[in-house]
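User: Got a model I'd like to go through with you. Can we start with the charged contacts?

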Amino acid sequence: VIWFCLLQYMLERTQDSDENVALEACEFWLTLAEQPICKEVLSSPLVQLIPILVKGMKYSEIDIILLKGDVEEDEAIPDSEQDIKPRFHKSRTVTLQHEEERLQDEEDGEDEDDDDDTLSDWNLRKCSAAALDVLANVFRDELLPHLLPLLKGLLFHPEWVIKESGILVLGAIAEGCMQGMVPYLPELIPHLIQCLSDKKALVRSIACWTLSRYAHWVVSQPPDMYLKPLMTELLKRILDSNK
């Protein structure tokens with residue numbers, strides 16, 4: 001009963017209108033996913049948790065402003081340090097290592113003043129993606145019945161922000177749910193390759209990252225099917241007008 005009440009409360013807080021509260025609550029799921037009891041206690045609320053995490057993976061309006069998501073061509077502007085920093089969620093090990101460092105920084109009284117650095121470093125979107133990544137490695141293909149109905153609607157959504165979040169979801173589950181995703185990859189990989197030429201730079205960017213998560217499957221197939229079209233588009237992205 002205590003676990004049920006706690007989990008229901010954390011589900012509510014993960015949807016809090018205050019993003020700082022939502023982020024702290026989301027970190028609870030990331031931490032719980034690393035515990036031996038995770039599968040036992042989350043089996044029932046998983047159906048509620050997955051849509052919440054997926055929703056948290058969408059760029060907020062502030063994210064888009066900070067990332068200059070409305071700027072499609074900036075090749076003439078000199079590179080800054082922020083331009084070359086990765087902005088997608090890392091692997092589980094790197095994410096958890098970062099979280100330990102973040103907590104240590106808070107204890108030491110260090111603070112990040114730069115909004116772009118903070119965005120690049122850790123936010124609700126990245127925490128949600130990291131939590132989904134770890135949960136995918138816990139539940140494996142058992143996660144897919146809760147996720148696939150959502151994923152199809154996201155990946156082919158007309159709004160670029162929602163489609164972009166769907167591509168991130170697909171990348172986040174790549175390691176844990178690979179076996180269960182294989183039957184869908186012949187349809188999804190061409191769609192991702194097509195997204196490499198999307199008019200929105202942030203969609204092109206996340207498509208590159210997600211394709212990298214499935215690269216070992218791509219190279220295991222006949223080259224003409226996926227590898228050659230992928231390499232053609234990737235070479236174009238090297239010359240992309242957006243950083």
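Predicted model: local features only at pLDDT ≥ 70, side-chain atom pairs only at ≥ 80, totals over all residues.

User: How many salt bridges does the structure hold?

Analyst: There are 11 salt bridges. One of them joins the side chains of R204 and D240, at 2.8 Å from N to O. That pair links distant parts of the chain, 36 residues apart. R204 sits in helix α13 (residues 201-213), and D240 lies in the segment after α15 (227-238).

User: Is R204 buried or exposed? And D240, buried or exposed?

Analyst: R204 is buried, because its relative accessible area is 8% and the cut-off for buried is under 20%. D240 is buried as well, at 16%.

User: What else does D240 form a salt bridge with?

Analyst: R237. The closest N and O atoms are 2.6 Å apart. There is also a network of salt bridges, which links R204, E233, K236, R237 and D240.

User: New topic. Which residues form a nonpolar patch on the surface?

Analyst: W3, L6 and I37 do, with about 240 Å² of accessible area together. I37 is in the loop between α2 (19-32) and α3 (38-42). I37 is partly exposed, at 34% relative accessible area.

User: Backbone next. Which residue has a positive phi although it is not a glycine?

Analyst: R140, with a phi of about 55 degrees. R140 is in the loop between α8 (124-139) and α9 (144-155).

User: What's the relative accessible area of R140?

Analyst: 42%, so R140 counts as partly exposed.

Technical notes. Residues numbered from 1 in each chain as written. Heavy atoms only, no water. Patch = residues over 30% accessible without salt bridge, like charges linked within 9 Å, V, L, I, M, F, W, Y side chains within 5 Å. Areas by Shrake-Rupley, 256 points an atom, 1.4 Å probe, with all protein chains shown as cover. Salt bridge = Lys/Arg side-chain N within 4 Å of Asp/Glu carboxyl O. Helix = DSSP H or I, 4+ residues; strand = E, 2+ residues; numbered from the N terminus. Buried < 20%, exposed > 50% of the residue type's maximum accessible area, 1.4 Å probe, protein only.
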